[in-house]
Amino acid sequence: MPEIDSNGVDRSQIRRQLKLTPSERLQALETFLSSVIQLRRGIRKPAVSQDSSSTR
Amino acid sequence: MESENPQYRKILLRLADEGVEVIVVGMAAAILQGVPTSTWDLDVVHRRTAENVERLLRVIQDIDAVARGDSRRLRPNETHLIGPGHVLLETKFGDFDCLGAIDGGRAFEDLLASSVLIDFEGRPVRVLALKELLAVKRRAARPKDLAAIPYIESTIDEIEGRSD
């Protein structure tokens with residue numbers, strides 16, 4: 001359950017991080033960033049034209 | 001260049017194995033100490049002796065580091081790293097910044113007393129302590145620094161057992 005403090009920060013997320021080793025914290029970051037990169041790649045993919053005459 | 005998969009772990013391990021003296025600063029230092037946030041680069045302040053810069057250059061070569069955003073893809077040399085400037089690099093493991101000094105000219109030696117050693121996969125890795133990182137962010141006071149402050153503050157409170 002979220003426990004938002006006066007800074008607006010969810011203390012349960014901090015506690016979750018503090019249970020990890022430094023290496024695990026960095027691995028979690030890397031996994032997150034890789035997901036963002038994959039998402040961006042999907043968004044940037046050009047749409048395939050439905051109009052075949054435009055490419056011939 | 002956006003690295004295919006940022007692998008800051010590998011950069012840290014490579015630095016530790018080569019014996020490069022650095023202090024991890026910035027949000028990577030925060031994350032290593034449990035702050036729930038993210039970053040797109042690994043920032044370090046390196047000791048600017050000829051021997052240490054030589055070790056750092058070996059790592060830079062190994063991780064294919066070149067000047068970020070420079071179409072000439074220049075690899076930094078000793079001259080770039082021996083000074084107090086910021087050398088911003090892109091590498092095969094993600095963006096990696098070698099900072100000669102931070103916080104108005106504080107070098108490795110000036111930050112040493114405010115750093116802590118953490119165990120990173122069996123290697124000692126030096127990071128800027130959270131309270132000092134918080135002070136640096138407050139002094140920098142750019143929007144991105146101000147945005148990080150609540151997360152660092154709350155993490156310090158949590159570590160020290162202060163509830164809200």
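# A tour from helix H7 of chain B

Start by selecting B:Gly161, the glycine that follows helix H7 of chain B and has a positive phi near 80°. Helices here are DSSP runs of H or I with at least four residues, strands are runs of E with at least two, and both are numbered from the N terminus.

The model is predicted: local features need pLDDT of at least 70 and side-chain atom pairs count only at pLDDT 80 or more, while totals for chains, interfaces and linings use all residues. Residues are numbered from 1 along each chain as its sequence is written, chains are lettered from A, and ligands are numbered from 1, in the order in which they are written.

**Stop 1: helix H7 of chain B**

Select residues 143-159 of chain B, the 17 residues of H7. The expected span of a helix is 1.5 Å times one less than its number of residues. Now pick B:Ile149, where H7(B) has a kink of about 30°, shortly before the proline B:Pro150. The bend is the angle between axes fitted to the seven residues ending at a residue and the seven starting there.

Which residues of H7(B) are buried? They are B:Ala148, B:Tyr151, B:Ile152, B:Glu153, B:Ser154, B:Thr155 and B:Glu158. A residue is buried if 20 or more other C-beta atoms, placed from the backbone, lie within 10 Å of its own, exposed if 12 or fewer do, and partly exposed in between. Show helix H1 (11-18) of chain A, together with helix H2 (26-32) and helix H6 (130-140) of chain B: the buried residues of H7(B) pack against these.

B:Asp145 is also in H7 of chain B. It counts as partly exposed because 17 other C-beta atoms lie within 10 Å. Leaving out residues up to four places away in sequence, B:Asp145 touches B:Lys137 and B:Ala140; two residues are in contact if their C-beta atoms, placed from the backbone, lie within 7 Å. A distance drawn from the C-alpha atom of B:Asp145 to that of B:Lys10, 135 residues apart along the chain, reads 26 Å.

**Stop 2: the contact between the chains**

Select both sides of the contact: 23 residues come from chain B and 22 residues from chain A. On the side of chain B, helix H1 (8-18), H2, strand E6 (115-120) and H7 each supply at least two residues. H7(B) gives the most to this side, with seven residues. Colouring the side of chain B by residue class shows eleven nonpolar, six polar and six charged residues. Nonpolar means Ala, Val, Leu, Ile, Met, Phe, Trp, Tyr, Cys and Pro; Asp, Glu, Lys and Arg are charged; the others, Gly among them, are polar.

**Stop 3: chain A**

Chain A has two helices and zero strands. Of its 56 residues, 14% are buried. Select residues 22-44, helix H2 of chain A: its 23 residues reach 33 Å from first C-alpha to last, close to the 33 Å expected. A:Pro22, A:Arg25, A:Leu26, A:Leu29 and A:Leu33 are buried in H2(A). Their cover includes H1 of chain A, along with H1, H2 and E6 of chain B.

**Stop 4**

Zoom out to chain B, which has seven helices and seven strands, in the sequence pattern α-β-α-β-α-β-α-β-β-α-β-β-α-α. Its C-alpha atoms fill a box of roughly 50 × 35 × 30 Å along the principal axes. Of the 164 residues of chain B, 41% are buried.

Next, select B:Ile23, B:Val24, B:Val25, B:Ala29, B:Ala30, B:Val44 and B:Val45, the residues with the most contacts inside the largest nonpolar core, which has 51 residues. H2(B) gives the most to this core, with six residues. Such a core is a set of buried Ala, Val, Leu, Ile, Met, Phe, Trp, Tyr and Cys residues joined through C-beta atoms within 7 Å. Not counting residues up to four places away in sequence, B:Ala30 touches B:Val35, B:Thr37, B:Leu130, B:Leu133, B:Ala148 and B:Ile152.

**Stop 5: two loop residues**

B:Arg73 lies in the loop between strand E3 (66-67) and helix H4 (78-82) of chain B. Its phi is positive, near 50°, in a residue other than glycine. B:Arg73 counts as exposed because it has 12 C-beta neighbours inside 10 Å.

Finish at B:Glu121, in the loop between E6 and strand E7 (123-128) of chain B. B:Glu121 is not glycine, yet its phi is positive, near 50°. Is B:Glu121 exposed or partly exposed? With 13 C-beta neighbours inside 10 Å, B:Glu121 counts as partly exposed.
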